[in-house]
Amino acid sequence: MEPKQIHTYVCIALFCMVISVSSIVVKIATILPADNSRIFSIDRVTPAIQMAIDELSNNYTLVENLTFSVEYANSQCSIAEGINQAIDFYINKKVDAFFGPVCDYAVAPVARQTRFWNIPLISGGAMARDFAIYRKSQYPKLTRVGPVNFNSLSDFFVKLFRHSGWKSLKILYNREGHANVFEDFCHLCVEAIHYDIIEKAREIKQDYFRLDEKTDLRTILLEEVGNTFGGRFFEFSLKQKCI
């Protein structure tokens, strides 16, 4: 995702946030991975945040008396490191709002804690199904501003199957697929699709099979998919190891 695309979400988030912030200096604690192989790394997001701040400062009288202070910390996409950095910002009084974490396992404990601190958390990630299910009870301070999440993906599948009149779904997935986005990306994706279909479209028969590095794809497609979940079989190279 390019900085211009990211900055649109950041700008909206900043605009909404300052309405309820009375301090002259708005302290933004940004907790993101330093690893540039991640989509939302510190280096990738920093220009977008600066673009959003510049746009607000130049075009909105609402923030003319406010300045933004942004500090960054490395989440490492870690369930432990994300909350550790958040606690450090909080006890040192360096935060009015959190930007990130983004990786699902890193953002979850921080988002749970912010309701006790009464501090908003804005994330471009938090894609898992649980963030929507437990929105009010566990994550009331979390705002997800990413362009997509797994809930919208499962809604797409339900609408696609109903529109096409399809009744059977077979999911082949690799739990470790797309780990460069965040850990268990494909597992959480498939989990959302599986349980949302059970909840929203019980007429769709579904099954799933977990792949691994030793899996022979041709054999799996013949045995697991076959004529039950598919029509003709074409041998091909599966490059994307998720679904």
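User: Buried means under 20% relative accessible area, exposed over 50%, and partly exposed in between (1.4 Å probe, protein chains only). By that, is W117 buried or exposed?

Analyst: W117 counts as buried, at 14% relative accessibility. Bear in mind that this is a predicted model, where local features need pLDDT of at least 70 and side-chain atom pairs count only at pLDDT 80 or more, while totals for chains, interfaces and linings use all residues. Residues are numbered from 1 along each chain as its sequence is written, and side-chain values use heavy atoms, with hydrogens and water left out.

User: Thanks! How much of the chain counts as buried?

Analyst: 44% of its 243 residues. The accessible surface comes to about 13,400 Å², and 51% of that belongs to carbon and sulfur atoms; those areas come from the Shrake-Rupley method with a 1.4 Å probe, and for residues only the protein chains shown count as cover.

User: Back to rings. How many aromatic pairs are there?

Analyst: Five, where rings of Phe, Tyr and Trp (its six-membered ring) pair if their centres lie within 6.5 Å; planes under 30 degrees apart count as stacked, over 60 as edge-to-face and the rest as tilted. One of them is Y90 with W117, which is stacked because the centres are 4.2 Å apart and the planes sit at 5°.

User: Where do Y90 and W117 lie?

Analyst: Y90 is in helix 3 (residues 79-91) and W117 in helix 4, so the pair ties together parts 27 residues apart in sequence. Y90 itself is partly exposed, with a relative accessible area of 35%.

User: And why is the pair of F161 and W166 edge-to-face?

Analyst: Their ring centres are 5.4 Å apart and the planes stand at 90°, so that pair is edge-to-face. F161 counts as buried at 6% relative accessibility, whereas W166 is partly exposed at 44%.

User: Which residues do ring pairs link into a cluster?

Analyst: Y90, F98 and W117.

User: New topic: how many helices and strands?

Analyst: Eight helices and seven strands. Helices (H or I, at least four residues) and strands (E, at least two) are DSSP runs, numbered from the N terminus.

User: What should helix 7 span?

Analyst: Helix 7 (residues 185-200) has 16 residues and should span 22 Å, and its end C-alpha atoms are 22 Å apart, which agrees. The expected span is 1.5 Å times one less than the number of residues.

User: What do its buried residues pack against?

Analyst: Helix 4 (104-117), helix 6 (150-164), strand 6 (168-174) and strand 7 (205-211), with contact meaning heavy atoms within 4.5 Å. Among the buried residues of helix 7 are F185, H187 and D196.
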